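Here is a short briefing on one protein model. Keep the sequence and the structure open as you read.

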Amino acid sequence: YLMEKVMPPDVLSFKRTEILKYLLSCNPKTKKDKEIGKYIEKIKEKYPIASYVENVFREFHEVLMGKVPEKIDEFLNKYEKDQISGFCNGIKKDIAPVKNAISYPESSGFVEGNNNFIKVFNRYN
């Protein structure tokens, strides 16, 4: 709100969350912000981390949505000494459940949703 008051009317500003939403949406049905689309290449040029995040996310998404659990090992080996080493180390600690999630079509989402509901319910009661 303050930025709108201070910034000249011909200056565009985007929130980081809006840019990340644009870069990380994998669903083709998701509407992307056309205004960000006009400037996304300039944003990536100015901030190379945006391209890095997009590439790593898309690669990880492909691994998770694929049916080849061994690809997670390739992903972890590729990025274990990179900026996301903490993320890779966390996955390595629970590698068996991650590989099972990739291998089997069943999801634990229903159970996890119920666990979250119970935690939230207990927190407010």
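This is a predicted model. Confidence is lowest in helix α1 (residues 2-6), with a mean of 60. It is highest in helix α5 (residues 70-79), at 95. For the protein, the mean pLDDT is 89, and 96% of residues reach 70 or more.

**Helix packing: α5 and α7**

- Helix α5 packs with helix α7 (residues 95-103) at an angle of about 130 degrees. Their axes lie 9 Å apart.
- On the α5 side, the contact is made by I72, D73 and L76. On the α7 side, I95, V98, K99 and I102 make it.
- By type, the contact residues divide into 5 nonpolar and 2 charged, with no polar ones.

**The largest nonpolar core**

- The largest nonpolar core has 13 residues.
- Those with the most contacts inside this core are V56, I72, F75, L76, Y79, I84 and I91.
- Four helices each supply at least two residues of the core: α4 (48-65), α5, α6 (85-93) and α7.

**Around F75**

- Which residues does F75 contact, leaving aside its neighbours within four places in sequence? They are V56, E59, F60, V63, I84 and F87.

**A separate core**

- Another core lies apart from the largest one. This core has 7 residues, including Y22, L23, I36 and A50.

Key: Residues are numbered from 1 along each chain as its sequence is written. This is a predicted model: local features need pLDDT of at least 70, side-chain atom pairs count only at pLDDT 80 or more; totals for chains, interfaces and linings use all residues. Side-chain values use heavy atoms; hydrogens and water are left out. pLDDT is the predictor's confidence in each residue, from 0 to 100. Axes are lines fitted to C-alpha atoms, for helices over the stretch in contact, and angles run from 0 to 180 degrees between N-to-C directions. Contact means heavy atoms within 4.5 Å. Ala, Val, Leu, Ile, Met, Phe, Trp, Tyr, Cys and Pro count as nonpolar, Asp, Glu, Lys and Arg as charged, and the others, Gly among them, as polar. A nonpolar core is a set of buried Ala, Val, Leu, Ile, Met, Phe, Trp, Tyr and Cys residues joined through side-chain atoms within 4.5 Å. Buried means under 20% relative accessible area, exposed over 50%, partly exposed in between (1.4 Å probe, protein chains only).
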